[in-house]
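Visitor: I would like to learn how to read the features of a model such as this one. Please show it to me, and then take me through it.

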Amino acid sequence: MTTSFFTDFKTVIIIGIIIAITFSLALVFKFLSRKKINKLVKTKHIDPTSYLFATNLITAIIFIIGISLALIQIPEMKTLGHSILAGAGIISLVAGLASQQALSNIMSGFLIVLFKPFKINDRITFNQTYTGTVEEINLRQVILRDFENNRIVVPNSVISSNVIVNSNLNDTKICKMIEIGIGYSSDIGRALSIMEEEIKKHPLHIDIRTPEDIENGIPEVTSRVIALANSSVTLKAWAYADNTANGFSMYCDLLRSIKERFDKENIEIPFNYQNLIIKKEN
C-alpha cells in the first residue's frame, strides 16, 4: 500500500514537472521567436506572415509532445501517449477531440500562408462589411485592427471562403475619386481646372504617369464631366496616394479645399431647399 502511494505520488510529480517544462519551453520559444521576427521586420523589412504562423505551429507541437510525455507516465494512457508521440495517432486524436470546424480552420490557415491572398500589415475588406489591418494569422483565426482600434477576430475558414479586397496586394497605391456636383450656370471648365489644381498641390498626391505618358502629354490629373443630373452637373477627378491611409486623408482635405476654392470663385454647389408658404385665413 505504501509502495503504491509513493509510486503514484512520484508519477504525479513527474507529470507536473513535464507540464511545467512544456509550458516554459512553449512560452520562451514564442517570446524569443516573436522578438526575433520583430527585429527582422524592422531591420530587413521581411514579411512576418509565414514566420508568425510557423511560430504558432511549433508552439502547438511543443504542447503536443509535452502532453504525450505526460500521458506516457500513466500506465492506462501509455499506449495513447506513445501513439501521439510517434505521430501515428495525431490525426485521429485531433479528429476525435476537435470539431470539424477546428480542422477546417487549421487547413485554411495553411492555405492562407501558402497562397498569401493577404499578409501581416495588409489592409483588407472581407464580406463587404469588415475592414482592417491584418495583425495576426494563427492556427485558428485572423485578427484585424479596424479604424477605431477594435480587433476583429475571424475564423480562418470564414475569411478564406469570402471575397477579399486587399489594398496592399502587389501595389499599395490607391485611387480616390473626387466627385462633386456644380450648378448649371457655373463655369464647368474653371471648376475642372480648380479640382485638378487642388489635387496637384496636395502633398499626399502622387504622379503615377510613366516617362512615356509624360512624353506623350498625358495630364497628371484626369477630370471629366460624368453626368447631367436634375439640378447639377457632376464632375469627377482622379487622385492617387501611396497607400490607403494617406488616400483617405488626401480625400478629406481635397473635399474641403475644393469647396473653399469654389466659394471664392463663385462656382455653385447646388443643395436642396424648400419654400414654405404660409396662407392667412380670412
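Guide: What follows goes from the whole chain to its sheets, a pocket and some backbone angles. The model is predicted.

Visitor: How many helices and strands does the protein chain have?

Guide: The protein chain has 9 helices and 8 strands. Of its 282 residues, 30% are buried. Among the contacts with a separation of 6 or more, 62% are between residues 24 or more positions apart.

Visitor: How should I read a sheet, and what is the order of the strands in the open sheet of 5 strands?

Guide: Strands of a sheet pair through backbone hydrogen bonds, in a parallel or an antiparallel way. Here the order is S4-S3-S2-S1-S5, and the pairing is antiparallel. Strand S4 (151–155) and strand S5 (164–166) are at the edges with a single partner strand each, so one side of each has no neighbour in the sheet. On average, neighbouring strands of this sheet are turned by 40 degrees against each other, direction ignored.

Visitor: Which residue in S5 stands opposite Ile124?

Guide: That residue is Asn166. Strand S1 (residues 123–126) and S5 run antiparallel and are joined by 3 bridges. S3 and S4 form a hairpin with 5 residues between them, and in the turn Asn149 has a positive phi of about 70 degrees.

Visitor: Which residues of S4 are on its covered face, and which on its uncovered one?

Guide: In a regular strand, side chains alternate between the two faces of the sheet. In S4, Ile152 and Val154 make up the covered face, while Arg151, Val153 and Pro155 make up the uncovered one.

Visitor: What is the strand order in the open sheet of 3 strands?

Guide: The order is S6-S8-S7, with antiparallel pairing. Strand S6 (174–182) and strand S7 (222–228) are the edge strands; each has a single partner strand, so one side of each is left without a neighbour in the sheet. From one strand to the next, the twist averages 25 degrees. S6 pairs with strand S8 (residues 233–241) over 9 bridges, and Ile182 has Val233 in S8 as its bridge partner.

Visitor: Which strands does helix H7 lie across, and which does helix H9 touch?

Guide: Helix H7 (residues 188–201) lies across S6, S7 and S8, at about 15 degrees to S8. Helix H9 (residues 244–264) packs on the sheet and touches S6 and S8, with its direction at about 20 degrees to that of S6.

Visitor: How is a pocket read, and what volume does the second largest pocket have?

Guide: Rolling a probe the size of a water molecule over the atoms shows where empty space is left. The second largest pocket has a volume of about 210 Å³. Its lining has 13 residues, with Asn38, Leu52, Ile120, Asn121 and Glu135 nearest its centre. By class, the lining has 6 nonpolar, 3 polar and 4 charged residues. Helix H1 (2–44) and strand S2 (130–137) each supply at least two residues of this lining.

Visitor: Is Gln128 buried or exposed, and where does Gln128 lie?

Guide: Gln128 lies in the loop between S1 and S2 and has a positive phi near 55 degrees, in a residue other than glycine. Gln128 is exposed, with a relative accessible area of 81%. Asn266, in the segment after H9, has a positive phi near 55 degrees. Asn266 is exposed, with a relative accessible area of 68%.

How values were computed
Residues are numbered from 1 along each chain as its sequence is written. This is a predicted model: local features need pLDDT of at least 70, side-chain atom pairs count only at pLDDT 80 or more; totals for chains, interfaces and linings use all residues. Side-chain values use heavy atoms; hydrogens and water are left out. Two strands pair if DSSP finds at least two bridges between them. Helices (H or I, at least four residues) and strands (E, at least two) are DSSP runs, numbered from the N terminus. Axes are lines fitted to C-alpha atoms, for helices over the stretch in contact, and angles run from 0 to 180 degrees between N-to-C directions. On a 1 Å grid over the protein atoms alone, a cavity is a set of points where a 1.4 Å probe fits but cannot get out, and a pocket is an open set with protein on both sides within 12 Å along at least five of seven lines; lining residues have an atom within 4 Å of a point. Grid points are joined across faces, edges and corners, and a volume is the space filled by probe spheres set on the points. Ala, Val, Leu, Ile, Met, Phe, Trp, Tyr, Cys and Pro count as nonpolar, Asp, Glu, Lys and Arg as charged, and the others, Gly among them, as polar. Buried means under 20% relative accessible area, exposed over 50%, partly exposed in between (1.4 Å probe, protein chains only). Contact means heavy atoms within 4.5 Å.
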